[in-house]
Each structure stands twice: as structure tokens, then as C-alpha cells.
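Here's a walk through a protein model for someone seeing it for the first time. Have a look at the picture, and then we'll go through it piece by piece.

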Amino acid sequence: MSISKETLKGYILEEVLAYLIRGAGYKLLVHPDQDPQELIKLRNSFWVRGRGGIHQVDVLGQLEWIPAFTFPLRLFIEAKFRRGTMGIEVVRNAIGTILDINQNNLPTPDQTVISQKYHYTYALFSTSGFSERAVKMALAHQISLIDLSGNEFNDLRNVIDSVAETIVTHRGVTMEGEEEDFNETNTHSRGKLVLSVRYIIRDSLGTLPPIDIPPEDRPQINDSDLLRIREALEPVMPVLDRYNELFVAMTNGPYMLLLKADNPTAFLSYATEHPQHRVKITWSSQIDNGTTWIINPVSDTSIYKLSFRLPKILSDWIFDASNNARERALKVKTQFFSSITIYRHTANGQDHLFRLNFNPESIRRNVESENGG
């Protein structure tokens, strides 16, 4: 029983993302004690009940606040760290999972009324982008796709690749070879390894929820393996310290954006003082072929910089064979990014809502005023 380096990289990325987007207000669900009606632990894995079956989940979060006109929100996070683009089959699985779970509103045998209802959503992250078919299918079924292939995530991808290599390699022989370090003969099944790595990352990052997890549900690994995994994960921490936090934003279109700040503290300070402010959205063909866009405040562009990867379906339309990329980009900004909303939940329980407004006409007037026009 073994695990590939590629698969392990995806698992590590999922846990890192759960940490980086912690400000979005999602608390991790890690044990059935948090919801005995819908959550199950089976064979070293975590599962959610659906109407027709149970579904394995690696990272599941619940939003700390409840938006109006909906049930409490829960979010599946799945990340793929592959050489090739994410295909439609992953999106199909996500659609089937949340469709079945969201229809699970039947009472259990020991209940006389319908149990607490949640609305489940799904976010797929990929370090190598998405196929065209995957994008179209996800858009049709409201599955969020987040592309992590841009240059701004180079150091994050590199350190995860290096850490996974260290974990799966023992004396130069990987877990996929004939000699395996983490395997059944060394008290490790594939599930135990994954459980151990996830638990250690969560413990190191402080993302474990404040619940008392029974000893039998914690990773059962020997001290030498525990130490080796912890040592392997050490290079991740300095990189995460540099990132500090990623911001999840919703647009006035069907797209979720993952925003990376050049200085998260500076952005939060300005946004807290100006929860609604005007922004400029720019791009350059010299940066990721125009697919990485930059957000700055209109009042002073040096205060902060947020970068995000343009959703593939939009970038394909803007940068096709035609010569009017600038015109199309402006149309996308106006139609989909005129209002970008960021919700943030702080560690002390405070809730903040930031709204970044793009209006090309007001920006033009502001520039003219500054120039004496």
C-alpha cells in the first residue's frame, strides 16, 4: 500500500490552503463529534453522508456566519498538484458529491424531525490550470475553480514539491518503488500516512479546531516517523510566513477569486479604515501573458497590491486571435469585477466586509482632477 508523490503534494497543498484562507471564516471540520448526524470516520478517512451514499472528504470547512436566505455553508476544498491540467472528471465528481449531499434531508431512524440542514459547496484548486471542458462544466454547476499556476505561487509550489519528495523518499527509494518506508510492514497504510501528515500539518499551523479528539482517532505512528514528517514540513513555515494570508473574494459574476497581497497587513489596515473604496484593475502582457491581474486603490496605488489569476474562460475570450484585448478586458472588468467582496473573520471573533469597487468612468474623472483637467 503506497502513495505517490503527486497525490501527497495535493494533500499538503489542501492543508496549506486551509491555513492561508483561514480569514475567510471557515472552521475546519475534522471529526464526527462536530456533527454526528452527517460526518463519519471510516478506515482512517473522513466521510459525509449523502442521500444515496457516503462521500470521502479531505478538507471540509464550515462558514462561521450564515448568509441571508440560505442554510449554513460548508465548503469542500480539493487541490490537485499535477503536471497536466485538471480535467472534467474531477469536476464531475465534485458535482455528484455535493448534489447527493445537498439532497440528504431525510431524518435518521432515531429522529422524529428533519435534522440540521447545510448547503455544501465545492472549490477546486489546481497548480496547472483547468481544461476547457472542466471550466465549462464547473461554471454550469457553480463549482469554483482557482488556478494556482501563476508566477506569484512559484515559491509555494516549489516548497510543497520539495517537502513531498522528502516525505515519500527513504534512502533514495521512493514509496512507489519496491522498497517502501511507509507501508503495511512498517505499521503504515496509505490512509495512516495521509492521516498522520494532515494531523501534523494542522497541529503545526494551528488549524485544528478546539475539540478533544479521542486518542484512538489521532495518528498512530512511531516517534521516528513522527519526527521525520515534522522535520520534512519545516521548510513550509517560512514560505507561509511570507504569504501570511490569502483573501477569498466573490465578484458580481459567477467567479471566486483568490487574492494574494504583496503586504497583507497594509491591505487589511487600509481596508479596515476604508471598507468600501475604489480600485484600479490592471494587467500586462509581460506578466503570465496577461492572465495575472493587479488591484490597487485609486487613492494611492502604492498602499497595497492584490494579484489574482484571471479565470480561464475569461482569459481565453480576452486573448483570442482578435486585436481588441484591451477593449475586451475593460468589458470583463466592468461586467464581472465592478464589485469585489471580501469577507474576513478575525481570530477575536470580529467580522469584516470589504467591497472593492471598479468604475472606469470615476477613475478617469479622478485622474483628470489630479492632473488639473
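Helix H3 covers residues 132–140, and its buried residues are Ala134, Val135 and Ala138. Why do they sit on the same side of H3? They cover an arc of only 100° around the axis, and that puts them together on one side. Turn to the other side of H3 and you'll find Arg133, Lys136 and Ala140, which are exposed. As for what covers the buried residues of H3, the cover includes helix H2 (88–102), strand E8 and helix H9 (312–318).

At the E1 end, E1 pairs with strand E5 (residues 59–63) in the antiparallel sense, over three bridges. Leu28 stands opposite Gly61 of E5.

Moving along, E6 and E7 run parallel and are joined by eight bridges. Ala79 stands opposite Phe125 in E7. Next come E7 and E8, which pair in the parallel sense over four bridges, and there Ala123 has Ser144 in E8 as its bridge partner.

How many of the eight residues of E7 are buried? Six of them are, so E7 is largely enclosed by the rest of the structure.

E3 pairs with strand E2 (residues 39–42) through four bridges, and the two run antiparallel. Lys41 stands opposite Phe46 in E3. E2 and E3 make a hairpin with two residues between them, and in that turn Arg43 has a positive phi of about 50°.

E3 also pairs with strand E4 (residues 54–57), in the antiparallel sense and over four bridges. Here Trp47 stands opposite Gln56 in E4. E3 and E4 are joined by a hairpin too, through four residues.

**The barrel**

Further along there's a barrel. Seven strands close into it in the order E11-E12-E15-E14-E13-E17-E16, with mixed pairing. The twist here averages 35° from one strand to the next. Strand E12 (residues 256–261) and strand E15 (residues 306–309) pair in the antiparallel sense over two bridges. Lys260 has Ser307 in E15 as its bridge partner. Helix H10 (residues 325–336) packs on this sheet and touches strand E13 (276–283) and strand E14 (292–297). The direction of H10 makes about 155° with that of E13.

Here's a quick look at some of the strand pairs from both parts:

| Strand pair | Sense | Bridges |
|---|---|---|
| E1 and E5 | antiparallel | three bridges |
| E6 and E7 | parallel | eight bridges |
| E7 and E8 | parallel | four bridges |
| E2 and E3 | antiparallel | four bridges |
| E3 and E4 | antiparallel | four bridges |
| E12 and E15 | antiparallel | two bridges |

**How confident is the prediction?**

The protein chain averages a pLDDT of 85, and 86% of the residues score at least 70. Which elements have the lowest and the highest mean pLDDT? Strand E10 (residues 173–174) has the lowest, at 35, while helix H8 (residues 264–273) has the highest, at 97. Over residues 171–188 the pLDDT is below 50, and this stretch has 39 contacts in the model beyond near neighbours in sequence.

Note on methods. Residues are numbered from 1 along each chain as its sequence is written. This is a predicted model: local features need pLDDT of at least 70, side-chain atom pairs count only at pLDDT 80 or more; totals for chains, interfaces and linings use all residues. Side-chain values use heavy atoms; hydrogens and water are left out. pLDDT is the predictor's confidence in each residue, from 0 to 100. Contact means heavy atoms within 4.5 Å. Two strands pair if DSSP finds at least two bridges between them. Axes are lines fitted to C-alpha atoms, for helices over the stretch in contact, and angles run from 0 to 180 degrees between N-to-C directions. Buried means under 20% relative accessible area, exposed over 50%, partly exposed in between (1.4 Å probe, protein chains only). The arc is that of the directions from the helix axis to the C-beta atoms.
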